[in-house]
Amino acid sequence: MATGRNHRPATRSRGIPEATVARLPLYLRALTALSERSVPTVSSEELASAAGVNSAKLRKDFSYLGSYGTRGVGYDVEYLVYQISRELGLTQDWPVVIVGIGNLGAALANYGGFASRGFRVAALIDADPALSGRQVAGIEVRHVDELESIIDTNGVSIGVITTPGGAAQQVCDRLVAAGITSILNFAPTVLSVPDGVDVRKVDLSIELQILAFHEQRKAAEALAQDVPEPLAAEAAPSGPGRDQGPDGDIPAVMPA
Ligand SMILES: NC(=O)c1ccc[n+]([C@@H]2O[C@H](COP(=O)([O-])OP(=O)(O)OC[C@H]3O[C@@H](n4cnc5c(N)ncnc54)[C@H](O)[C@@H]3O)[C@@H](O)[C@H]2O)c1
């Protein structure tokens with residue numbers, strides 16, 4: 001079984017901090033919306049607001065890309081879309097395999113947003129022989145026995161795991177052994193991978209738990225407004241503002 005870390009250092013080799021990399025897709029989404037409306041330029045304040053990020057942080061992030069905008073004009077939308085896409089590696093086509101074609105895997109296969117963002121679903125893979133040969137989103141489901149040859153033939157480097165939690169590590173190990181170096185994991189399992197393999201985890205229940213925390217805090221604030229001053233100090237939460245994380249500048253809940 002593969003062992004090792006499942007995260008990368010805070011700064012990537014080209015000197016762009018990991019936190020900046022995490023915000024680039026937010027800028028790209030906001031810029032793509034502007035581009036679709038044929039907006040030629042955008043100020044840092046407008047773009048920061050559209051991306052849900054503080055404008056000083058945005059300017060700092062763009063300085064890592066060598067993009068400083070023009071005073072009084074702002075940033076060229078099309079050029080910034082190109083720059084960020086290039087930085088994120090989206091100017092090339094990325095074949096992706098999805099392993100586990102149940103409810104979630106089939107839903108992801110049917111999601112049209114992958115292709116428009118440079119990700120091509122190269123294969124759908126499942127262990128259930130009854131699914132082999134069936135078409136999902138116009139793609140044939142292949143048996144997991146073929147996993148290694150599919151990855152090799154299609155030059156796949158990104159794998160998506162949507163199997164039950166109990167199968168996820170074994171699937172991960174096979175993907176890595178077959179040459180996959182990036183994994184998007186939807187299964188409720190902490191994956192162990194060797195150095196050089198990136199894992200991103202998506203867990204909607206964790207996002208809901210964070211929202212529940214904020215709901216609870218809002219309810220406490222509302223309660224505090226209804227009680228006399230000395231008691232209110234005890235009831236109100238302390239620390240950074242409601243929309244801010246512990247460091248005071250990163251939103252605790254990333255914009256959807
Ligand atoms: N991250 C999230 O927000 C989120 C949301 C929903 C579901 N999930 C998780 O996603 C996973 C899939 O959920 P689902 O509802 O689609 O389940 P499902 O039971 O409908 O589908 C799972 C599929 O995986 C296949 N499978 C099982 N073992 C396999 C293996 N070793 N190799 C290849 N395929 C294998 C099964 O045959 C089945 O088709 C679960 O782990 C679930 O907890 C995560």
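1. A residue is taken as near a molecule when its C-beta atom, placed from the backbone, lies within 6 Å of that molecule. In this predicted model, 24 residues lie around the ligand, and those that come nearest are Gly 100, Gly 102, Leu 104, Ala 167 and Leu 204.

2. Two elements, helix 5 (103-109) and helix 8 (165-177), each give two or more residues to the shell around the ligand. Of the elements, helix 8 gives the most, with four residues.

3. Sorted by class, the shell around the ligand holds 13 nonpolar residues, together with eight polar and three charged ones.

4. The UniProt record, an unreviewed entry, carries the annotation "domain: CoA-binding" for residues 89-190.

5. A separate point concerns the packing of two helices. Helix 2 (residues 44-51) packs against helix 3 (residues 55-64) at an angle of about 105 degrees, the axes being 8 Å apart. Because angles of 65 to 115 degrees count as roughly perpendicular, helix 2 is roughly perpendicular to helix 3.

6. Which residues meet where helix 2 packs with helix 3? On the helix 2 side they are Ser 44, Glu 45, Leu 47 and Ala 48, and these meet Ser 55, Leu 58 and Arg 59 in helix 3. By class, this contact of helix 2 with helix 3 comprises three nonpolar, two polar and two charged residues.

How values were computed
Residues are numbered from 1 along each chain as its sequence is written. This is a predicted model: local features need pLDDT of at least 70, side-chain atom pairs count only at pLDDT 80 or more; totals for chains, interfaces and linings use all residues. Ala, Val, Leu, Ile, Met, Phe, Trp, Tyr, Cys and Pro count as nonpolar, Asp, Glu, Lys and Arg as charged, and the others, Gly among them, as polar. Axes are lines fitted to C-alpha atoms, for helices over the stretch in contact, and angles run from 0 to 180 degrees between N-to-C directions. Angles under 35 degrees count as roughly parallel, over 145 as roughly antiparallel, 65 to 115 as roughly perpendicular and the rest as oblique. Two residues are in contact if their C-beta atoms, placed from the backbone, lie within 7 Å. UniProt positions are given in the numbering used here, feature names are shortened, and annotations may be inferred rather than shown by experiment.
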